[in-house]
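The tour below goes from the whole chain to single pairs of side chains.

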Amino acid sequence: MTSIHAESDKLRFPPLITLEEHFFSVAASEAPSAQRYNEQLKNIPGLLDKLKDLGSLRLESMNKNDITMQVISHGPTQPILSPSDCRAANLQLHEAICTSAETRERFAGFAVLPMNEPDEAAKELAYCVEELGFVGALIDNHANGTTYEGPSYRSFWYTVQSLGVPIYIHPTWSTEQQRKGVFPDLKPDGNGTNGGIDEATVLSGSAVESLMASSWGWHSDVAMHIFKLFASGTFDKFPRLKLIVGHFGEMIPFMLDRTIQLSPRWNDPPLRRNFKTVYDENLWITTSGIWSLDPLRCILANTKKDHILFSVDYPFAQNESGKKWMNDLLSSGLCDQETIDMVGYKNSEKLLGVRTRRPDEERAEDDKLQE
């Protein structure tokens, strides 16, 4: 492949803002959903310590891997946290952000919301944005099985649009009903499938758990939720919504042409805003947790460049992987410096209303210290 750059050109590693970076609150550690992390805890060394940390471990990893700013959000919780537990978690995050001049510069916050109570979720979002300075919210993809396209959520989406902040729709754990819908022969204890034969294991418990979660099901579930929001007319009612979806768009970019082709069948009379318009104007996608350039090749062809955002998915994914991916991009010839800067930090700055330190500012400060 021929590079779009002259051989003498050297692309600069950009400042990096990451948007899908999790913590686990003290309030949530007592909740039943804490038990859902067993598979991750078994397979990712040091995960629990990193999830609980909002200080030195996080900053050390950011410094080592050239992450300039993290937008920190709560890890998935099912059942959904109560309004009081959400408030406690948000205050814990706010306190961590305000700990020092460095954390105020390097950390920003996405609120966790009690999405099973839409009016309370709207109130908590407004409090976190207006009183705590958070830049939006990251919400679980469903609230105990309920997605957010119904009439009871209109007040929530009205508040979101009025505040002008983005909502990151993040995958979350399946309910028992959802698991049985995909695996009707699930064993009574949930530990794998038996193919209808007592005691015979067809799929292991690990396979079921992973397929319903981060290996596949999480991503298709978020895509379906976006389509439900679209088909319900949510983007017609609230045309200025800003939604973020992770993991290279949760499969949507790769089925985009077919969705644009078939979605007019979903409504009669047709919606005012078609899916192509919604994709271009209301959806932003992040690179979180997928460390290949192949998805980016597709996305650069069908997605507006100013709607692509770098992210890691720390600590479920490693900042080291994010740094390597960016270095791979720099040497790939896929992007010029302007696009790399947009993906790395400029698009996030514009969407979130934040500003991160530029390389020339860091060099100037270093020079001043050496004088």
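The stops below each give a selection and then describe what is there.

This is a predicted model, in which local features need pLDDT of at least 70 and side-chain atom pairs count only at pLDDT 80 or more, while totals for chains, interfaces and linings use all residues. Residues are numbered from 1 along each chain as its sequence is written, and side-chain values use heavy atoms, with hydrogens and water left out.

**Whole chain**

Start with the protein chain in cartoon view. Its secondary structure comes to 18 helices and eight strands; helices (H or I, at least four residues) and strands (E, at least two) are DSSP runs, numbered from the N terminus. The C-alpha atoms fill a box of roughly 75 × 45 × 45 Å along the principal axes. The radius of gyration is 21 Å, which agrees with the value near 21 Å for a compact globule of 371 residues. That radius is taken over C-alpha atoms, and the globule rule is 2.2 Å times the number of residues to the power 0.38.

Of the 371 residues, 54% count as buried. Buried means under 20% relative accessible area, exposed over 50%, and partly exposed in between (1.4 Å probe, protein chains only).

**Nonpolar cores**

Which residues have the most contacts inside the largest nonpolar core? Select F156, W157 and I167, which hold that place in a core of 69 residues. Helix α10 (residues 217-231) gives the largest share of this core, six residues. A nonpolar core is a set of buried Ala, Val, Leu, Ile, Met, Phe, Trp, Tyr and Cys residues joined through side-chain atoms within 4.5 Å. In soluble globular proteins, nonpolar side chains tend to be buried together.

Centre on W157. Not counting residues up to four places away in sequence, W157 touches Y148, I167, L229, T234, F238, L241 and L243; contact means heavy atoms within 4.5 Å.

Next, select M69, Y168, L309 and V354. These residues are included in a second, separate core of 16 residues.

**Salt bridges**

The structure holds 13 salt bridges, each a side-chain nitrogen of Lys or Arg within 4 Å of a carboxyl oxygen of Asp or Glu.

Select K323 and D66. Their closest N and O atoms are 3.3 Å apart. K323 belongs to helix α16 (residues 319-332), whereas D66 sits in the loop between α3 (56-64) and β2 (69-74), 257 residues apart. K323 is partly exposed at 24% relative accessible area, and D66 is partly exposed at 35%.

Move to E105 and R357, whose side chains meet in a salt bridge at 3.0 Å, N to O. E105 lies in helix α5 (residues 101-106) and R357 in the loop between α17 (337-352) and α18 (359-370), so the pair ties together parts 252 residues apart in sequence.

Is D280 buried or exposed? At 15% relative accessibility, D280 counts as buried, whereas K276 is partly exposed at 34%.

Finish at E176, R179 and E209, which are linked in a network of salt bridges.
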